[in-house]
Amino acid sequence: MSKLRINVVWFKCTDLRTHDHAALRAAHESALPILHLYVFDPFWHAGRTRICGYPKTGAIRTRFQLEALEDLRQRLATQGHELSVRRDISTARCFEELCEDFEVNDVFAFHEICSEELRIQHQVSQVLRKKGRGSLKLFWGFELYHHDDLSFDPANPRGAFNSYTSFRKRVEERSRVRPSSKEDPVFRSSEASVKWKRSSAALPSVSEAMGSTYDPSADPGDRKDPRAEIQWKGGETAAFARVQEYLWDDDCLGLEYVGATMTMDVAKSCMRDKAMSKLSPWLAHGCISPRRLYEEVKRYEQQRNKTKSTYWITHEFLWRDFVRFGSIHAGTSIFKIGGLHNQHPRWQWSTNQSIFEKWVQGITGFPFIDCFMRELKTTGYCNHMGRETAGWFLVGDLGIDWRMGAEWFESVLIDFEPTANWYNWAYRCLPAAGRDGAHQSITSAPGHQLRGLEILKWGTQHDPDAVYIKRWIPELSHLSGTVAREPWRLGLNDGPSRSRGPSLRPMPSGEFSVSKDRLDAVVAMGFDQRVAAKALYQTGEDPDAAVALLLGDVAGEQFVEDSEDEDLAQAVALSMGLPASDEFVYGVTYPKPILQPVSLMNTEEKEEEARQQQKRRDQQIASSKQRSSRRGSNFNKPHWEESRSQWSAETPTAAMNKSEPSTWTAPPSKSQRRGYCGKDVWPENEKQTAVSTGSGRRWGTQR
């Protein structure tokens, strides 16, 4: 009996859509019947990471993928076609069975880039060749720019990946974005649809898909966490709905969008709701193509307004291509301990499981890190700034093998895509291993004192009232904003006694005096003037020793022996606006820092500046919304859909008729970058990245 000759569309977890899909279009241009296939390969869905043994695909992302597959199945069904699903079988074995049941003419799929994906792609090619069947035809479609439209070969780029700016200029000057309509499929009739008897009748559940890696405690189900801004639902339909809501219904792109990489504008906080489009899960799974999304932004500019926000979001798309094509050039280096340039620190990497688990669980004692890590574990998402600072902290402050962090992200992220995750860890986070300590630590190795001061600077700027921190760390909710960000300020009477330090001068019975300049330096930390004066006097007017004393890091036991210790602790609490002691116990209600903390001067002034500028921006947004409601919307969607395919392609940064913002950021004045002890505390990595902030702080897919 002769076998039915067919073409196969091989869907994978990064192309779950029916629009702008070159492989799907090519298959339907053929005269042969078509089988649409997805394989629940246990390697991906029930496998574990190599170093830490985390599920390769955690429960949150698995649920999103199942929803996206169900939506894909329904959208194919409306065109008269079926999605064949195989479960509990390797991809290679699935294609062997496919060749046993059909005469496979060709298999149509998207290109892969990373080593594990390429290995399975190669296995499928071998099966087809061994069975004497057709070839594996591969197409590009995950990226904004088509691979063939680049002016250079990503495998031999000749400097294109030396920096993001180099890549951007090469692409913008010589390439164009193809219209998405060019790759929209024209579906054959239902008569061309192929049913496979081995196909599963239903999609698996989350636990069935994950097999032995499934942990019920790590699966929040389909309920929305009340602290999360949105609840993601997988699929092309949900992706379009989010675009409609964010761009058009709520006008967030023009009014409230900040973007994944905007960290320097004090008036814009990326830690506020609606500051991110949060389209990244749909982009990562291919539920919406970057070209279609780019066209939506261009449509918004024509119908509504061209702003810095529309300009900025297109840069996010371009960065996504940078890490994608850059991974072709980097090869397997993004998975190795030395990273892109085989760089190694002077010290040995740590694999301390206890410390690493505190980072994973969000109990490091540094709220700016912990809030993001808790959000990530709960929802599968945190913004770019949270991912990057958490990565810097793990690498530069804890000295933990960065690949362990990358594996945790791979497991838990709802918007994981291998190049966006691993390239960013190697390109953005690994260099933190080379930064110096803020106060010339006694050892060059990390793991002793906080070095990355961005968690203090950005916390003050982006969350001046600690609203976001308190959302995800409710045990800090009764504290003032300053202390919620830096709870180690409470360590006056119960701080860790790492060392006894020098003897303290006894307090005089009468009046005493200290240097006003030195007193001001300690008061700038947020301490009461009387408290600071006593600490200065007892430490011989050494501001470093005084602040360490007040933070509980040096001679804490001696200090509390003073007869006025209770009054002193109460004064500190009152000066900081703290609650009663039974509401919050430092080191019990919330853990003490796993490293020696530091604080910056003028924190209160900086947070007030951010608070006022963000308040003014809120007022501007409110005024814009009022004007928009009065004039109404003039957008004609049918007209847009008709004319979209006729638009000429453009480069992303043509979104604004201006050059890229200057990549030079003037360094702060000497007084602005001085820490509590009056010494320069701006770490080396801040000096290095300050010149590239305008286009360099990015995580991957747009957020």
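Analyst: **Loops first, then strands and space**

Asn-602 sits in the loop between α25 (565-576) and α26 (603-631); helices here are DSSP runs of H or I with at least four residues, strands are runs of E with at least two, and both are numbered from the N terminus. Before going on: this is a predicted model, where local features need pLDDT of at least 70, side-chain atom pairs count only at pLDDT 80 or more, and totals for chains, interfaces and linings use all residues. Residues are numbered from 1 along each chain as its sequence is written, and side-chain values use heavy atoms, with hydrogens and water left out.

Back to Asn-602: its phi is positive, about 60°, although it isn't a glycine. It counts as partly exposed because its relative accessibility is 26% (under 20% is buried, over 50% exposed, partly exposed in between, with a 1.4 Å probe and protein chains only). Asp-251 is another non-glycine with a positive phi, near 55°. You'll find Asp-251 in the loop between α8 (236-249) and α9 (252-255), and at 13% relative accessible area it is buried.

Now the strands. β4 (residues 103-110) and β5 (residues 136-139) run parallel, joined by four bridges; strands pair if DSSP finds at least two bridges between them. Phe-110 stands opposite Phe-139 in β5.

Searching the whole structure turns up eight cavities of 30 Å³ or more. A cavity is a set of points on a 1 Å grid over the protein atoms alone where a 1.4 Å probe fits but cannot get out, and lining residues have an atom within 4 Å of a point. α3 (59-78) and α14 (367-379) each supply at least two lining residues, and α3 gives the largest share, four.

Staying with α3, that helix also holds Gln-65, which is buried at 4% relative accessible area. Leaving aside neighbours within four places in sequence, Gln-65 is in contact (heavy atoms within 4.5 Å) with Cys-13, Leu-16, His-45, Thr-57 and His-285.

Technical notes
On a 1 Å grid over the protein atoms alone, a cavity is a set of points where a 1.4 Å probe fits but cannot get out, and a pocket is an open set with protein on both sides within 12 Å along at least five of seven lines; lining residues have an atom within 4 Å of a point. Grid points are joined across faces, edges and corners, and a volume is the space filled by probe spheres set on the points.
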